[in-house]
Amino acid sequence: DSMAGRVVLFLSLLLADASAFLPSCHVGSRMNIGRHELRMSSSSSNDQRVLLRQGLLQLCKSGPKNGVGASEDLILSVKEKATELAKLNPTQRQATSPMLDGKWRLVFSTTKGPSSGMLGPFVGDVFQDIVLEQEKYFNILELGFVEAVLSAHWDVMGQEKWRVFFDDIQFSLFGIPVFKKEFSSSQRDQVLEGLDTLGGTEKEARSSNNGGIWDMAYCNDTLRVLWAYGVQREASKASIYVLEREK
């Protein structure tokens with residue numbers, strides 16, 4: 001019995017020493033491996049996001065100003081690239097994100113008329129100034145010495161969606177306000193109908209009906225992508241807007 005006990009003790013010590021040479025697979029190591037893989041995945045997503053964002057901007061700026069008169073091929077390419085980028089959107093709950101605040105410049109849109117900067121045969125610069133503190137935003141069209149500012153407010157419809165309402169419009173010449181009008185629903189539609197006519201917008205694509213829906217697809221600190229359509233129109237006919245933060 002004494003000999004058997006010594007043999008058992010010897011084998012136990014041998015196995016204990018041998019265990020030091022076995023590969024470590026404890027929980028902590030698996031967690032470290034998981035964190036490393038997560039960091040690698042996150043880094044890869046960031047790299048892909050940067051490339052897609054740069055590619056989208058290059059596409060938008062490769063065509064005519066604000067996308068007015070862009071070819072069908074370019075429009076399709078912009079939409080496809082924007083859809084890819086939206087899958088990597090880094091900003092959750094865009095509709096209430098502080099990232100929206102500030103002034104943005106339109107770089108591409110498939111909309112017609114003054115929302116894209118069109119006034120007659122001319123195309124101006126379009127800005128969107130969002131003031132979260134006031135719960136208002138301002139669509140600004142600048143064309144030479146003419147400036148038109150349409151102000152609006154919104155209701156949050158979901159994590160990524162606004163229902164917007166137009167409030168008033170102001171025209172300035174050489175920086176001096178010459179006309180401002182607060183709208184009733186009927187007056188708003190009349191004025192917007194007139195602006196759309198001046199901008200050459202086809203009747204079925206006009207922007208009246210007292211506002212619209214913003215479906216937000218992508219937002220970071222430098223770039224936004226959204227789809228907008230009239231309240232009484234189909235989401236499938238939404239216009240895309242790509243906006244770059246004004247520096």
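**A walk from the core to the loops**

Let's start at Ile130. In this predicted model, and setting aside residues up to four places away in sequence, Ile130 touches Leu100, Asp101, Gly102, Lys136, Tyr137, Trp154, Trp162, Trp214 and Arg224. Several of these names return when we step back to the largest nonpolar core, which has 25 residues: Ile130, Tyr137, Trp162 and Trp214 are the ones that touch the most other members. Two or more residues of this core come from each of strands S1 (102-109), S4 (125-131), S5 (136-143), S6 (146-158), S7 (161-173), S9 (212-219), S10 (223-229) and S11 (239-245). Apart from this core lies another, made of 19 residues, including Leu57, Leu85, Tyr218 and Val242. As background, nonpolar side chains in soluble globular proteins tend to be buried together.

Next, follow the chain to Gln94, in the loop between H3 and S1. Is Gln94 buried or exposed? Its relative accessible area is 2%, and because buried means under 20%, Gln94 counts as buried. Beyond its neighbours within four places in sequence, Gln94 is in contact with Asn89, Leu100, Gln159, Glu160, Met216, Ala217, Tyr218 and Cys219.

Our last stop is Gly69, found in the loop between helix H2 (27-62) and helix H3 (72-86). Here the relative accessibility is 69%, so Gly69 counts as exposed. Which residue lies 9.4 Å from Gly69, C-alpha to C-alpha? That residue is Lys112, 43 residues apart from Gly69 in sequence.

How values were computed:
Residues are numbered from 1 along each chain as its sequence is written. This is a predicted model: local features need pLDDT of at least 70, side-chain atom pairs count only at pLDDT 80 or more; totals for chains, interfaces and linings use all residues. Side-chain values use heavy atoms; hydrogens and water are left out. A nonpolar core is a set of buried Ala, Val, Leu, Ile, Met, Phe, Trp, Tyr and Cys residues joined through side-chain atoms within 4.5 Å. Buried means under 20% relative accessible area, exposed over 50%, partly exposed in between (1.4 Å probe, protein chains only). Helices (H or I, at least four residues) and strands (E, at least two) are DSSP runs, numbered from the N terminus. Contact means heavy atoms within 4.5 Å.
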